[in-house]
Amino acid sequence: MATESDFDFRHDLTADGQPLCARMICATLDLIANKWAVPIILSLARAKGEPLRFSELSRAIPLITQKELTKQLRALETAGLVGRRVHAAVPPKVEYWLTDLGRSLRPVLDELGKWAAQNGPRLRAPRAREAAE
């Protein structure tokens with residue numbers, strides 16, 4: 001039977017010598033590995049530090065509902081990846097931007113994107129074979 005310590009790889013090191021902990025990786029993936037978190041982060045990253053209004057984000061990600069966008073923005077804000085500012089105006093003006101912590105994810109997402117482009121077809125191939133069987 002696997003124990004929690006079996007998933008703690010801090011005795012292993014990454015290629016650049018940093019501690020590797022599967023639990024921390026899983027916690028990070030739980031936050032960003034959903035249908036909308038990465039598109040939101042990338043949309044905010046494209047703004048190059050300029051805040052985006054809720055409506056601008058909504059237009060940048062046309063298939064997301066307002067309810068889901070609100071939910072995801074709140075989760076990313078709670079995690080410290082996204083900043084939020086409400087301006088007292090009618091109608092209310094709410095702006096979002098990536099925090100320093102959020103911006104630090106960009107190189108990670110870029111590398112993940114490169115890896116997916118190179119290996120995505122190989123990942124899909126076994127699934128297609130399984131579906132055909």
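This short talk walks through a predicted model of one protein chain, from its overall layout to a few local details.

Let me begin with the ground rules. Because the model is predicted, local features are taken only where pLDDT is at least 70 and side-chain atom pairs only at pLDDT 80 or more, while totals for chains, interfaces and linings use all residues. Residues are numbered from 1 along each chain as its sequence is written, and side-chain values use heavy atoms, with hydrogens and water left out.

The protein chain contains 6 helices and 3 strands, where helices (H or I, at least four residues) and strands (E, at least two) are DSSP runs numbered from the N terminus. Read from the N terminus, the order of these elements is α-α-β-α-α-β-β-α-α. Of the 133 residues, 25% count as buried; here buried means under 20% relative accessible area, exposed means over 50%, and partly exposed is in between, with a 1.4 Å probe and protein chains only. The accessible surface comes to about 9600 Å², and carbon and sulfur atoms account for 58% of that surface; these areas come from the Shrake-Rupley method with a 1.4 Å probe, and for residues only the protein chains shown count as cover. If we take contacts between residues at least 6 apart in sequence, 41% of them join residues at least 24 apart, contact meaning heavy atoms within 4.5 Å.

I would like to turn now to a pair of helices. The axes of helix 2, residues 37-46, and helix 4, residues 66-78, come within 10 Å and cross at roughly 75 degrees; axes are lines fitted to C-alpha atoms, for helices over the stretch in contact, and angles run from 0 to 180 degrees between N-to-C directions. On the helix 2 side the contact is made by Ala37, Ile40 and Ile41, and on the helix 4 side by Leu69, Gln72, Leu73 and Leu76. The buried residues of helix 2 are Ala37, Ile40, Ile41, Ser43, Leu44 and Ala45.

Which residues does glutamine 72 touch, once its neighbours within four places in sequence are left aside? They are Asn34, Trp36, Ala37 and Ile40. Glutamine 72 itself belongs to helix 4 and, at 8% relative accessibility, counts as buried.

Next come the charged pairs. Side chains of opposite charge can pair when their charged atoms come close. The structure holds 5 salt bridges, each being a side-chain nitrogen of Lys or Arg within 4 Å of a carboxyl oxygen of Asp or Glu. One of them links arginine 85 and glutamate 95, whose closest N and O atoms are 3.1 Å apart. Arginine 85 lies in strand 2, residues 82-87, and glutamate 95 in strand 3, residues 93-98, so this pair ties together parts that are 10 residues apart in sequence. Arginine 85 is partly exposed at 36% relative accessibility, whereas glutamate 95 is buried at 11%. Glutamate 95 also meets lysine 93 in a salt bridge, at 3.7 Å from N to O, and lysine 93 is partly exposed, with a relative accessible area of 28%.

In helix 6, aspartate 110 and arginine 106 are 4 residues apart and therefore separated by about one helical turn. Their side chains form a salt bridge of 2.9 Å, N to O. Aspartate 110 is partly exposed, with a relative accessible area of 33%, and arginine 106 is partly exposed, also with a value of 33%.

Two backbone details deserve a careful look. Most residues other than glycine have a negative phi, and most peptide bonds are trans. Lysine 48, although not a glycine, has a positive phi of about 50 degrees. Lysine 48 sits in the loop between helix 2 and strand 1, residues 52-53, and is exposed at 72% relative accessibility. The other detail is a cis peptide bond joining valine 90 and proline 91, with omega about -5 degrees, and proline 91 is placed in the loop between strand 2 and strand 3.

Leu112, Trp115 and Leu123 make a nonpolar surface patch of about 310 Å². Patches are made of residues with over 30% relative accessible area and no salt bridge, like charges being joined within 9 Å and nonpolar side chains (Val, Leu, Ile, Met, Phe, Trp, Tyr) within 5 Å. Tryptophan 115 lies in helix 6, residues 106-132, and is partly exposed, with a relative accessible area of 43%.
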